[in-house]
Amino acid sequence: MYTDEMLESIRKVEARRAENAAAEPRRMTADEKDKLLETYHPDYITEQFDTIKIGANKGEKAPLELVELLQGKSRIDPKEINLDRIDYDVDVLIIGGGGAGSSAAIEAHKAGANVMIATKLRIGDANTMMAEGGIQAADKPNDSPAIHFLDAFGGGHFAAKKELVYKLVTEAPEAIQWLNNLGVEFDKDKDGTMITTHGGGTSRKRMHAAKDYSGAEIMRTLRDEVLNRNIPVVDFTAAIELILDDKGRAAGAVLQNMETGDILIARAKTVIIATGGAGRLHYQGFPTSNHYGATADGLVLAYRAGARLLYQDTLQYHPTGAAFPQQIFGALVTEKVRSLGAKLVNADGEVFMHPLETRDVCAASIIRECKAHKKGVQTILGEGVWLDTPMIELKGGAGTIEKRIPAMLRMFAKYDIDIRKQPILVYPTLHYQNGGIDINTDCMSSVPNLFVAGEAVGGIHGRNRLMGNSLLDIIVFGRDAGKSAAKTAKDAAMGALTLDHVNKFAAERKNAGIDTETLSPKLLPTYTHGNPRWEAK
Ligand code: MEZ
């Protein structure tokens with residue numbers, strides 16, 4: 001499968017493999033990291049950002065693609081929407097059917113609420129499903145939530161909201177037990193002890209995994225639980241605008257059937273946004289590891305309703321997206337590959353960094369190796385560096401790859417690349433939205449009765465998330481959002497439904513001289529448009 005030039009470079013990698021495997025690359029100093037990030041991390045390319053002109057974050061910066069959507073035109077004309085014709089009437093409306101939405105639905109249902117999930121694709125079509133390497137929790141004797149806190153807070157450049165990190169790490173061990181009891185098949189030793197490994201930026205081994213299908217296994221379990229509880233899931237139905245009541249509280253959503261284009265009204269005492277990330281906006285032209293639905297819809301809906309965003313200007317580029325072959329360009333190569341012993345090496349077979357630096361540092365380091373040091377390997381679509389996977393079996397013994405990362409083995413085997421024998425080519429891929437909607441510890445946004453969970457939240461991870469803290473946050477914050485929303489719904493008063501905020505936002509657009517025609521929320525990536533089956537009317 002590899003080209004002759006690639007094979008020539010692989011020979012250099014092989015020649016140094018034993019020496020590289022034994023080496024312990026040094027960690028960068030804080031100053032070195034700062035300089036590296038400023039020079040090579042995509043978050044620092046100023047011309048890729050614009051100033052937001054309207055709404056709660058007016059005057060702050062965000063990526064160009066997001067600004068266009070945040071300031072976009074509504075898909076509805078409020079005059080044409082009949083808010084008296086209610087199609088769904090529930091206590092808790094959950095927008096999004098991934099891990100956070102499902103966890104929220106389970107807890108809200110357990111609390112006795114009448115709950116419904118609306119999702120523009122199907123339940124489980126979400127970034128949760130795509131997560132591979134694992135979920136963090138400090139539940140081993142040599143670890144503690146306090147140490148987990150320091151790792152996560154430091155890894156996020158001390159920018160996270162401390163109270164949210166506290167919640168994340170202190171509720172983590174219970175989250176693992178909850179998943180285990182629901183039936184997630186975590187990797188365990190013969191005596192039943194959970195196997196844990198390191199991730200980038202972790203000072204203890206606290207990554208719990210189900211091989212390299214961790215997200216899929218968690219999503220399978222959550223989906224079963226939602227379906228077993230007979231929680232209604234309205235699929236292929238997108239939320240295209242939130243509905244507020246006359247006191248400014250969230251009170252439902254305008255939904256649109258993705259096939260027929262029909263408009264439906266969901267009235268709800270509380271609403272939870274769990275719409276996930278934004279990788280399919282392909283910021284700065286990067287490929288993505290994300291699911292097709294990741295188009296920042298929740299941020300747009302909440303913003304138009306008046307909610308504040310936090311750290312909307314920071315994205316995570318996973319260091320190891322597949323750079324070759326082109327059929328899997330941008331697909332996730334889990335960090336677990338590095339946790340198990342594979343190192344990153346350049347075209348000359350030289351190790352150029354510690355493989356478990358935090359993700360932003362690691363991604364910037366790969367970009368520098370290719371762009372500045374010119375030590376990348378060229379492909380049709382760009383370039384990459386080697387992730388020397390055969391090192392894993394040098395360290396862990398024959399059979400480790402098949403046992404611990406079978407998904408990786410299969411993904412590359414389809415293209416005649418045996419990762420046990422040959423390295424793989426990687427380059428950063430757009431993976432995660434570090435920022436999102438600002439919430440308090442009850443998961444409520446600045447709009448009353450509007451809750452948020454999962455990747456749509458900003459502030460849990462500061463300006464950089466560590467591996468495995470996202471599968472964790474969808475469970476911790478998903479469950480808590482479900483509980484809080486159900487509790488609030490119990491004695492929530494609801495006034496008259498209104499879409500006045502949509503008119504107000506349109507007026508703000510006009511006053512700011514914004515006359516773009518871009519409709520938002522985006523719902524689907526640009527390249528699905530033109531396909532009549534998927535184009536929302
Ligand atoms: O948390 C993640 O993003 C994750 C587990 C990804 C991975 O490398 O597997």
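In which sense do E6 and strand E7 pair, and over how many bridges? The views below come from a predicted model, in which local features need pLDDT of at least 70 and side-chain atom pairs count only at pLDDT 80 or more, while totals for chains, interfaces and linings use all residues. Residues are numbered from 1 along each chain as its sequence is written, and side-chain values use heavy atoms, with hydrogens and water left out.

**View 1. The open sheet of three strands, in the order E5-E7-E6.** E6 and strand E7 (residues 207-208) pair in the antiparallel sense over two bridges, where pairing requires that DSSP finds at least two bridges between two strands. Strands are DSSP runs (E, at least two residues), as are helices (H or I, at least four), both numbered from the N terminus. Strand E5 (135-136) and strand E6 (196-197) are the edge strands, each pairing on one side only, and Thr 197 stands opposite Met 207 in E7.

**View 2. Phe 236, a residue other than glycine with positive phi.** Its phi is near 50°, and Phe 236 lies in the loop between strand E8 (233-234) and strand E9 (237-245). Phe 236 is partly exposed, with a relative accessible area of 22% (buried means under 20%, exposed over 50%, partly exposed in between; 1.4 Å probe, protein chains only).
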